Each structure stands twice: as structure tokens, then as C-alpha cells.
Amino acid sequence: MFRSLWQYRHFIMSSIRGELRGRFARSRLGALWFILHPLAQSLIFSIVLAEVMRARMPNSDNTAAYPIYLLSGMAAWGLFSEILNRSIGIFIEQASAMKKIAFPRLCLPVIILGSALINHVLLLAAIMIIFLFFGHFPGLAWLYLVPGMLVISAMAFGIGVFLGVLNVFARDVAQFMSVFMQLWFWFTPIVYLRTVVPQHFQWLLALNPMTPLVGLYQDALLLNQGPQWTSLLPTLLIGGLAVLLSFAVFRRASPELVDAL
């Protein structure tokens, strides 16, 4: 599978460019829409929670601390949810192409992965500009986002491909995940601080593999400090297992994938 992906690398790159151009077609704002949607959502949360409900970061007098905290978490979650959600439905969406064109089917989620990473980099560039308006200057800790992006992408890709294959044979998978992802979002400390969660619910956050990854973004962007690497080891293990499992399931189901579509 890896050899076939390498042989079709030019097809993958051109498909990523074509997808990005397709999204920009007849749009006056173009790539800004990739940035405006998550920023608008974060702005709404910031206004409601930081202003109306007077949410503040502990031990911080900076009024922009909570919006920065929120934007950081939303950026990490946005990368994860985009790769996972789009990978679940990609084989069904591209059913006609899979029936007409001979190419490695695994190219489809890889194209989604590349497109999502480009969107994410654009979003981080916009967030950096917003932070400058807040008077919050980026530091070297931003470099820690690179391993965070890799782990998030691997975990989302693995889970997304695995569920995407299952979704071909059982269409309820996509419907279930649309609800589950909303619950997963609220069980991840993005809008709220982990310290405000009651002690008897802390185990739920500990089991959530996205908790340390979101924390990595929040620590790097808000506090300008690195993560606790030991806390990332379980998530790294989950991401690696998800990728291996997805490859195994995809390889076994690949001969029947087109017929099921």
C-alpha cells in the first residue's frame, strides 16, 4: 500500500490542489472561508463565555487569555474533526470515481489529510495575527505544534479510514459519529478548563485521547511552554494502533469495497 501511494504521489498532490481550487471557485473570499468559519465559532464562544458569563483564566489578569485558550483548543479540535469526519464519508462520496478510474483507494483519505493540514496551517497563520492584536506574541513553543499536528493527524486518519470502510457496509456509522463527535467535543477541555470538572468526572478526561493534544496547543499558544511528554504517550500509542488497524481493515475489505458501493 505504501509503495502504491508513493507511485501515485503526483496524483495525490494534484488532487489536493484541485480540491483547494474547487473550494475557492467563484468565491470572492477564497481561502479566507477556511479561516472565517472556525474563527467565527471561537468568537461566539468567547463573547458568550468570556464577556456574558465572565469566564476568566485563573491566575491571569489578561482579558484576552480566555479567547487565546479557546482559539488554541478549537484549532486542535478542528484539525482532528475535519480529517475524521471527511474520511468517514469519502469512499461513498467518491463511489463513481472509484468505479471508473483505477487508482489506489487509500489515496482518497490521504488527499483529505493533505488538504486538512494545509487548511490548518492557514488557520494557525490567522490565529497568529489575531494574537498580535491581543498583544500576545508567539514564542518558540509554537514549534511544539508540529508533533501535535502529526499525532492528531495520525489518530484522526486511522480512526477515519477504519470507520470509513465500515460506513460503506453499514451506513449508520456516519450518522452515529455525527452525534458522537458532538459529545466528544464537550468531553474535551476546549471551552472549559480541566480544573473546573468535578473530581469524580476527571477519569473521563483522562481516558480522552484528545485531552493531552488539546492541552499541548493551549500550553504552547497561551503559556508558551512545552507539553508533558509522558501524558502524550498513551495518545501516541492509540494513534499508532489506529493507523495499523485501519490499514489492516482497509487491505482486507478493499477487494469488496467497490462492489459494496
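Colleague: Is N224 buried, partly exposed or exposed?

Modeller: This is a predicted model, so keep that in mind throughout. N224 counts as partly exposed, because its relative accessibility is 42%, and that falls between the 20% and 50% limits.

Colleague: Where is N224 in the chain?

Modeller: N224 sits in the loop between α10 and α11.

Colleague: And what is the phi of N224?

Modeller: Phi is near 55° there, a positive value in a residue that is not glycine. Most residues other than glycine have a negative phi.

Colleague: OK, step back. How many helices and strands does the protein chain have?

Modeller: The chain has eleven helices and zero strands. Read from the N terminus, the elements run α-α-α-α-α-α-α-α-α-α-α.

Colleague: What share of the residues is buried?

Modeller: Of the 261 residues in the protein chain, 48% are buried. The chain exposes about 14,200 Å², and carbon and sulfur atoms supply 67% of that area.

Colleague: And what share of the contacts is between residues 24 or more positions apart?

Modeller: Counting contacts with a separation of 6 or more, 79% are between residues 24 or more positions apart.

Colleague: Back to α11. Where does helix α11 bend?

Modeller: Helix α11 covers residues 229–260 and bends by about 60° at S254. A proline, P255, follows within four residues.

Colleague: Which residues of α11 are buried?

Modeller: They are L232, T235, G239, A242, V243, S246, F247, F250, A253 and L257.

Colleague: Several of those numbers are three or four apart. Why would that be?

Modeller: An α-helix has 3.6 residues a turn, so residues three or four places apart point the same way.

Colleague: What do the buried residues of α11 pack against?

Modeller: Their partners are α1 (2–7), α4 (65–93), α5 (95–100), α7 (145–169) and α10 (210–223).

Colleague: Take α7, then. Which residues is I159 in contact with?

Modeller: I159 is in helix α7. Leaving aside neighbours within four places in sequence, I159 contacts L84, W184 and A242. A242 is also one of the buried residues of α11.

Colleague: How many residues apart are I159 and I83?

Modeller: They are 76 residues apart in sequence, with 9.4 Å from C-alpha to C-alpha.

Colleague: Now S81. Is S81 buried or exposed?

Modeller: S81 lies in helix α4. It counts as buried because its relative accessibility is 13%, under the 20% cut-off.

Colleague: What does the side chain of S81 reach?

Modeller: The S81 side chain reaches the backbone oxygen of G78 at 3.3 Å. Not counting residues up to four places away in sequence, S81 touches R86 and M181.

Colleague: And Q7, buried or exposed?

Modeller: Q7, in helix α1, counts as exposed because its relative accessibility is 53%, over the 50% cut-off. Q7 and P104 are 97 residues apart in sequence and 9.6 Å apart in space, C-alpha to C-alpha.

Colleague: Last topic, the surface. Which residues make the nonpolar patch?

Modeller: M128, L132 and F137 make a nonpolar surface patch of about 300 Å². M128 is found in helix α6, residues 107–133.

Methods: Residues numbered from 1 in each chain as written. Predicted model: local features only at pLDDT ≥ 70, side-chain atom pairs only at ≥ 80, totals over all residues. Heavy atoms only, no water. Bend = angle between axes of the 7 residues up to and from the residue. Helix = DSSP H or I, 4+ residues; strand = E, 2+ residues; numbered from the N terminus. Buried < 20%, exposed > 50% of the residue type's maximum accessible area, 1.4 Å probe, protein only. Contact = heavy atoms within 4.5 Å. Patch = residues over 30% accessible without salt bridge, like charges linked within 9 Å, V, L, I, M, F, W, Y side chains within 5 Å. Areas by Shrake-Rupley, 256 points an atom, 1.4 Å probe, with all protein chains shown as cover. Salt bridge = Lys/Arg side-chain N within 4 Å of Asp/Glu carboxyl O. Polar contact = N/O pair within 3.5 Å; in protein donor to acceptor, adjacent residues only side chain to side chain.
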